[in-house]
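Me: I'm new to this one and would like to learn how to read it. Could you walk me through it?

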Amino acid sequence: KTIKILTQNIDGHSRSLDSNQKLISKFNPDIFLRQEDWLFTFQHFMLNQVNADYIGLGKSVDCESQKLVTGNSKAKWGLDILFRKDLNSSIGHPQEFSSPRVQIAKLNLDIPIILINVYLPSTSCPESEYDSELSRLSAALDAYSTEGAVILAGDFNRSLFHANQSDRRFQKFCRTQGLTPPQCKTDIPT
């Protein structure tokens, strides 16, 4: 069976509900990886209300000891994965991971699929923070690559096609990890 996967930085759960419904109707994904949902753990029940055909797993700003909030205490990040309900029996327990910016889930299919959903620091964050997250992500890829087919998706906040120093470090990370980006070219950061 072919698994259709969609990913998007949704820029807030509540404000993206209509556009998410349109995307689900248009693309009919089996899995929808979303970044920047801005939800706290007590709000994760809302993931099961996005669409009647989907269930969700979330990872929020308050699920880790490291709090990443803005000055107005509004979380500006958070990750979730929406799964079509017919995949429910295939979804493994969420995998623990040391970074609040990385969410890992496993689908127990004929060929297991490891989903790694990321929201990496923006260019306004110190480069050392970005590098630290790339190191953690590299460790995750190494750890899970033997468990099945790994699908890495999300908001990397860097470009595969620009030539500034930050983007070049991200591009080097992709080459080192043997990652194959989608066959498209855009000026928009990934």
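Reply: Let's go from the overall picture to a helix, a loop residue and some charged pairs.

Reply: Before that, some ground rules: this is a predicted model, where local features need pLDDT of at least 70 and side-chain atom pairs count only at pLDDT 80 or more, while totals for chains, interfaces and linings use all residues. Residues are numbered from 1 along each chain as its sequence is written, and side-chain values use heavy atoms, with hydrogens and water left out.

Me: How confident is the predictor, and where is the pLDDT below 50?

Reply: pLDDT is the predictor's confidence in each residue, from 0 to 100. The protein averages 86, and 87% of its residues score at least 70. Residues 65-74 fall below 50, though in the model this stretch has 14 contacts beyond near neighbours in sequence (a contact means heavy atoms within 4.5 Å). Where pLDDT is low, the predicted coordinates should not be read in detail.

Me: How many helices and strands are there?

Reply: Helices (H or I, at least four residues) and strands (E, at least two) are DSSP runs, numbered from the N terminus. Here you'll find three helices and seven strands, in the order β-α-β-β-β-β-β-α-β-α.

Me: Which residues of H1 are buried?

Reply: Buried means under 20% relative accessible area, exposed over 50%, and partly exposed in between (1.4 Å probe, protein chains only). An α-helix has 3.6 residues a turn, so residues three or four places apart point the same way. In H1, the buried ones are Asn20, Leu23 and Ile24. They sit on the same side of H1 because they cover an arc of only 100 degrees around the axis (judged by the directions from the helix axis to the C-beta atoms). Their cover includes strands S1, S2 and S3, while the face turned away from the buried side carries exposed Asp18, Lys22, Ser25 and Lys26.

Me: What follows H1?

Reply: Asparagine 28 does, with a positive phi near 50 degrees. It is found in the loop between H1 and S2 and counts as partly exposed, at 39% relative accessibility. Not counting residues up to four places away in sequence, asparagine 28 touches Lys4, Leu23, Tyr54 and Arg84.

Me: How many salt bridges does a search of the whole structure find?

Reply: Side chains of opposite charge can pair when their charged atoms come close. A salt bridge is a side-chain nitrogen of Lys or Arg within 4 Å of a carboxyl oxygen of Asp or Glu, and the search finds nine. In one of them, lysine 106 meets glutamate 147 at 3.4 Å, N to O. Lysine 106 is in strand S5 and glutamate 147 in the loop between H2 and S7, so the pair ties together parts 41 residues apart in sequence.

Me: And which residue meets arginine 158 in a salt bridge?

Reply: Glutamate 127 does, at 3.4 Å, N to O. Arginine 158 lies in the loop between S7 and H3, and glutamate 127 in helix H2, so this pair links parts 31 residues apart in sequence. Arginine 158 is buried, with a relative accessible area of 1%.

Me: What about aspartate 167, buried yet with no salt bridge?

Reply: For charge, Lys and Arg count as positive and Asp and Glu as negative; His and the chain ends are not counted. The nearest side chain of opposite charge to aspartate 167 is arginine 158, 4.8 Å away. Aspartate 167 lies in helix H3 and, leaving aside neighbours within four places in sequence, is in contact with Arg158, Ser159 and His162.
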